[in-house]
2 protein chains.
Amino acid sequence: MSKRKAHATANSPVRESVEPEQLGPTLLDDTLGYSLRRAQLQVFQHFTATMAVHDIRPAQFSALVVVEANPGVTQSALAQALGIDPPRVVNLIHKLEERGLALRVRCKRDRRSHGIFLTKSGETLLAELKQLALDSDRRATVNLSDAERTQLLALLQKVY
Amino acid sequence: MSKRKAHATANSPVRESVEPEQLGPTLLDDTLGYSLRRAQLQVFQHFTATMAVHDIRPAQFSALVVVEANPGVTQSALAQALGIDPPRVVNLIHKLEERGLALRVRCKRDRRSHGIFLTKSGETLLAELKQLALDSDRRATVNLSDAERTQLLALLQKVY
DNA sequence: TATTGTTATACTCTATAACTATA
DNA sequence: TATAGTTATAGAGTATAACAATA
């Protein structure tokens, strides 16, 4: 009987601890949930390390990108676009506003709403961040060919 | 000039807030980081909802699976296999032990190490959990054909 | 009465450093 | 001195409920 296939349980006679050099594959490797999580963590670790010099977190970057593409977007629309809850947007935008990268403008027609815009400084920084992000994304997935990368993107977008 | 391509900045004359029905695609949709995150969140939401009745979190499930496949695995080996830090394993196993699903056995040769085993009750529950997990995984990705699912799994495992 | 944004809050996840007991 | 596990702690992420201003 191979070590991997040992069938010791809490009630069986053999219950000595084992430290395999390398644990084998399990059912986890057949689930998209686990594989997605591992892959996502790896790519985010690259991203976070790359962006650390600018102190930009993934959520902040995604907010900047969406605001740039949709100047004047409201906070509720931004929340929906990013798939996060409104209270998170408050903090997210507040931090960006503190750093002078974005700002809120009260809507004249509906004074409850705030339109969000990038500042000039925000646009300048984002231009650099976007390049860094694309580079990081590629370096984190260097095991994939260009064709595989495109294929993976398409499959992921079919999922969500 | 289309609404989407409006180029209002904080310093430009047009800075009224806008609430588009549906924000358009951005650079985010070309990055694996963002797409992986969105897909992973969707699959995890399905998983969490499915497992709620058993009060099992993703990390707990993955620990149970690895322990079952590697009875007697030490906590440090488990941490490495799951890609998490040793302090997290402590809490993870502690909760499983409290619920009578797993237990720690001190290693006789090296009394610093603990081998982890499933209890009979843990094995019984896990058998059900595995079926639920596979079902949830499939339901969360019904947009994919079997071939696409296999392809996606292979690509993800190439990434991490 | 409904909606936008906000505050307060709490709970989970995650990472780090420091401690203990064994080696 | 080094290692396995543990404790303590803090920070980030996330979700909910309740509130203020406005519609």
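Q: Which element gives the largest share of the surface near DNA strand D?
A: A residue is near a strand if one of its heavy atoms lies within 4 Å of it. Helices (H or I, at least four residues) and strands (E, at least two) are DSSP runs, numbered from the N terminus. Here the largest share of the surface near DNA strand D comes from H4(B), with three residues. This is a predicted model, in which local features need pLDDT of at least 70 and side-chain atom pairs count only at pLDDT 80 or more, while totals for chains, interfaces and linings use all residues. Residues are numbered from 1 along each chain as its sequence is written, chains are lettered from A and ligands numbered from 1 in the order in which they are written, and side-chain values use heavy atoms, with hydrogens and water left out.

Q: How many residues surround DNA strand D, and which are the closest?
A: There are 19 residues around DNA strand D, and the closest are Arg88(A), Arg37(B), Gln75(B), Ser76(B) and Arg112(B). Of the atoms of DNA strand D that come within 4 Å of the protein, 73% belong to sugar and phosphate.

Q: What classes of residue make up the surface near DNA strand D?
A: Ala, Val, Leu, Ile, Met, Phe, Trp, Tyr, Cys and Pro count as nonpolar, Asp, Glu, Lys and Arg as charged, and the others, Gly among them, as polar. The surface near DNA strand D has ten charged, five polar and four nonpolar residues.

Q: Which residues are closest to DNA strand C?
A: DNA strand C is surrounded by 20 residues, and the closest are Arg37(A), Gln75(A), Ser76(A), Arg112(A) and Arg88(B). Sugar and phosphate make up 74% of the atoms of DNA strand C within 4 Å of the protein. A polar side-chain atom of Arg88(B) lies 2.5 Å from a phosphate oxygen of DNA strand C, and one of Arg112(A) lies 2.8 Å from a base oxygen.

Q: How much area do chain A and chain B bury between them?
A: The size of an interface is often given as the accessible area lost when the parts come together. Buried area is the accessible area (1.4 Å probe) that two parts lose on being put together, summed over both. Chain A and chain B bury about 7,400 Å², 65% of it on carbon and sulfur atoms. Leu32(A), Val159(A) and Tyr160(A) supply 10% of the area that chain A buries against chain B, more than any other three residues.

Q: How many salt bridges are there between chain A and chain B?
A: A salt bridge is a side-chain nitrogen of Lys or Arg within 4 Å of a carboxyl oxygen of Asp or Glu. There are two between chain A and chain B. The side chains of Lys158(A) and Glu148(B) form a salt bridge, at 2.6 Å from N to O.

Technical notes: Polar contact = N/O pair within 3.5 Å; in protein donor to acceptor, adjacent residues only side chain to side chain.
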